[in-house]
Each structure stands twice: as C-alpha cells, then as structure tokens.
Amino acid sequence: MNNLIIPAWPAPAAVHALVTTRQGGASTGPWASFNLASHVGDDAAAAAANRALLRQSLPADPPWLTQVHGTLCVDAGAVQSGVEADASFTRQRGVVCAVLTADCLPVLLCDDQASVVSAVHAGWRGLADGVIEASVAAMAVPGERLMAWLGPAIGPTAFEVGADVRDAFLAHDAQAAQAFTPLAEDKWLCDIYQLAQQRLHALHIHRITSTDFCTVRDIDRFYSFRRDGVSGRMASCIWLE
C-alpha cells in the first residue's frame with residue numbers, strides 16, 4: 001500500500017508502525033476514500049473493505065477501540081473490538097495496537113528492548129486528563145527507556161480553542177501556557193504537539209519524534225473533523241514482530 005506513512009523514528013527493528021492517510025480506499029463522499037471507522041456514517045461495506053485492505057499490511061486485525069476521549073489503556077491482546085478505551089498496549093508479538101483519529105493526536109510508544117508498545121488517542125480532553133500518563137503506567141517501563149512518535153494531528157495554526165481548554169492544561173502545569181497563543185478574548189491557538197511533548201518530558205521520555213503534519217490544512221492526505229464536520233478516520237498502528 002503506497003498510501004501509508006511509516007514513522008521515521010529510532011525504534012528497534014522489531015517494532016513496526018504505520019499510519020494510514022485518506023487515500024486509496026473504497027469509501028466515497030465525505031468519507032473518501034480510505035475511511036477505517038465504522039461509526040461515522042460511512043457505508044459499512046466500504047469501511048469493512050478498507051479494514052480488509054489495511055489487514056494486508058498488518059500481522060493481525062487490531063481490536064478497534066470505542067474511543068471516548070478518556071484515559072483508559074487496555075491490553076490489546078486481552079480485549080475484543082468495541083471496548084471503550086483510548087489507548088492500548090501489548091507485550092505480545094503479532095498483536096496490533098491501533099487508534100483512529102481525524103484531528104486528535106496519535107501517539108505511538110515503544111521501549112528500547114522492543115518488549116512493549118502502545119498506541120494512544122490523545123484528543124485535548126484525554127491529553128489534559130492524563131491518557132499518556134495512563135498508557136506509560138500500563139507499559140510498566142521507566143520513561144528513560146521509552147521513545148515516542150507523534151503522528152498527524154490538527155496543527156498549531158488551525159486549532160482554535162476557548163479558555164476552558166487552556167485552563168484545563170494550566171491547572172495541571174503552568175508551563176502549558178507556552179503552547180497557547182492568544183487570538184481574541186477567551187480565544188487561543190493551541191499547539192497539541194507541544195502539550196504532548198510537555199507531558200512526555202514530565203514522564204522522563206525525551207526521545208520524541210514530532211511530525212509537522214496538519215490534518216486541517218492537508219486536505220488531500222488527511223481527514224479532519226474540525227474542517228469537514230462529517231469525516232472519515234485514519235488509523236495509527238504499532239506492533240512487535
């Protein structure tokens with residue numbers, strides 16, 4: 001499949017990861033064309049065909065999470081598709097962790113020894129509430145032994161938020177103010193990449209590969225719920241070989 005993004009990060013050879021784009025699938029209309037979500041109004045057969053196509057690049061079907069903007073991280077090898085969670089981890093070879101996004105930040109994590117990996121759905125609410133921290137705790141590896149890759153998300157020039165979002169982050173860490181640029185009264189531009197990096201640094205994770213994608217601006221490659229309202233979803237997947 002030539003419509004995939006393969007993360008460029010210093011992960012061990014046994015760690016494999018990929019991120020889909022919106023290109024190369026069976027969906028039409030606002031979901032065109034490689035939508036992988038079954039809950040966004042797309043034709044069920046088209047979404048299933050897209051998942052079957054993705055499966056050709058994976059060692060197994062991932063458990064597709066019902067993402068609720070929470071902080072729960074589940075064991076991908078011990079759950080079924082549909083479980084409510086916003087992250088998964090695994091220590092098993094051939095088990096795939098996956099999250100779906102269309103503006104929210106996908107965070108992929110692995111350790112130096114290729115003993116554990118995790119995929120995290122970090123929308124602003126889950127990020128503020130601690131989904132990265134919960135995922136690192138589930139991995140049970142010191143932060144110094146972990147590395148992270150930050151995938152396609154809404155960029156810092158497109159993510160306009162209210163004071164409630166800024167307040168939620170500042171309540172956790174005053175340094176979060178660095179990630180917000182004032183626009184107007186109670187309106188801010190938010191850099192979700194920077195906020196995620198701050199959380200990772202606090203966990204002693206300093207090897208962070210951050211992309212400069214913007215799902216809102218890059219119409220050809222990415223879905224964006226903020227831009228389109230009705231939208232498909234991309235998948236970010238990681239597994240151990």
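**Entry 1: strand β7**

I started with strand β7 (residues 117-122), and it is mostly covered, with 6 of its 6 residues buried. Buried here means under 20% relative accessible area, exposed means over 50%, and partly exposed is in between (1.4 Å probe, protein chains only). Strands (E, at least two residues) and helices (H or I, at least four) are DSSP runs, numbered from the N terminus.

A note on the model before I go on. This is a predicted model, where local features need pLDDT of at least 70 and side-chain atom pairs count only at pLDDT 80 or more, while totals for chains, interfaces and linings use all residues. Residues are numbered from 1 along each chain as its sequence is written, and side-chain values use heavy atoms, with hydrogens and water left out.

Which residues cover the two faces of β7? On one side I found Val117, Ala119 and His121, and on the other Ser118, Val120 and Ala122, all of them buried.

**Entry 2: partners of β7**

Next I looked up who pairs with β7. Two strands pair if DSSP finds at least two bridges between them. Strand β4 (residues 87-90) pairs with β7 in the antiparallel sense over 4 bridges, and Phe89 stands opposite Ser118 there. Strand β6 (residues 105-111) also runs antiparallel to β7, over 6 bridges, with Cys110 opposite Val117.

β6 and β7 make a hairpin with 5 residues between them. In that turn I noted Ala114, which has a positive phi of about 55°.

**Entry 3: a salt bridge from the hairpin loop**

I then checked charges. A salt bridge is a side-chain nitrogen of Lys or Arg within 4 Å of a carboxyl oxygen of Asp or Glu. By this rule the count comes to 6.

One of them joins Arg207 and Asp112, with the closest N and O atoms 2.6 Å apart. The pair links distant parts of the chain: Arg207 is in strand β12 (residues 207-210), Asp112 is in the loop between β6 and β7, and 95 residues separate them. Arg207 is partly exposed because its relative accessible area is 34%, and Asp112 is also partly exposed, at 30%.

Another salt bridge is Asp61 with Arg55, at 3.8 Å from N to O. How exposed is Asp61? At 55% relative accessibility, Asp61 counts as exposed, whereas Arg55, at 30%, counts as partly exposed.

**Entry 4: Arg22**

Arg22 made me stop for a while. Its place is in the loop between β2 (15-20) and α1 (44-55). Arg22 is buried yet has no salt bridge. Which side chain of opposite charge is nearest to Arg22? It is Asp228, 4.3 Å away. For charges, Lys and Arg count as positive and Asp and Glu as negative; His and the chain ends are not counted.

Asp228 does have a salt bridge, with Arg227 (2.9 Å, N to O). Asp228 is partly exposed at 38%, and so is Arg227 at 22%.

What I did find for Arg22 is a polar atom of its side chain 2.8 Å from the backbone oxygen of Ala32. A polar contact is a pair of N or O atoms within 3.5 Å; within protein, one must be able to donate a hydrogen and the other to accept it, and residues adjacent in sequence count only if both atoms are side-chain atoms.

I also listed contacts (heavy atoms within 4.5 Å). Leaving aside neighbours within four places in sequence, Arg22 touches Pro30, Phe34, Ile219, Tyr223 and Met234, among others.

An open sheet of 4 strands has the order β1-β2-β13-β5, with antiparallel pairing. Its edge strands are β1 (4-5) and β5 (96-101), each pairing on one side only. I counted 5 bridges between β2 and β13 (residues 234-240), and the bridge partner of Val15 in β13 is Leu240.

The other open sheet I looked at has 3 strands in the order β9-β11-β10, also antiparallel. β9 (160-162) and β10 (180-184) are the edges. Neighbouring strands of this sheet are turned by 40° on average, direction ignored. Axes are lines fitted to C-alpha atoms, for helices over the stretch in contact, and angles run from 0 to 180 degrees between N-to-C directions.

β9 and β11 (residues 187-190) share 3 bridges, with Val161 partnered by Trp188. Helix α4 (residues 163-170) packs on the sheet, touching β9, β10 and β11, and its direction makes about 80° with that of β9.
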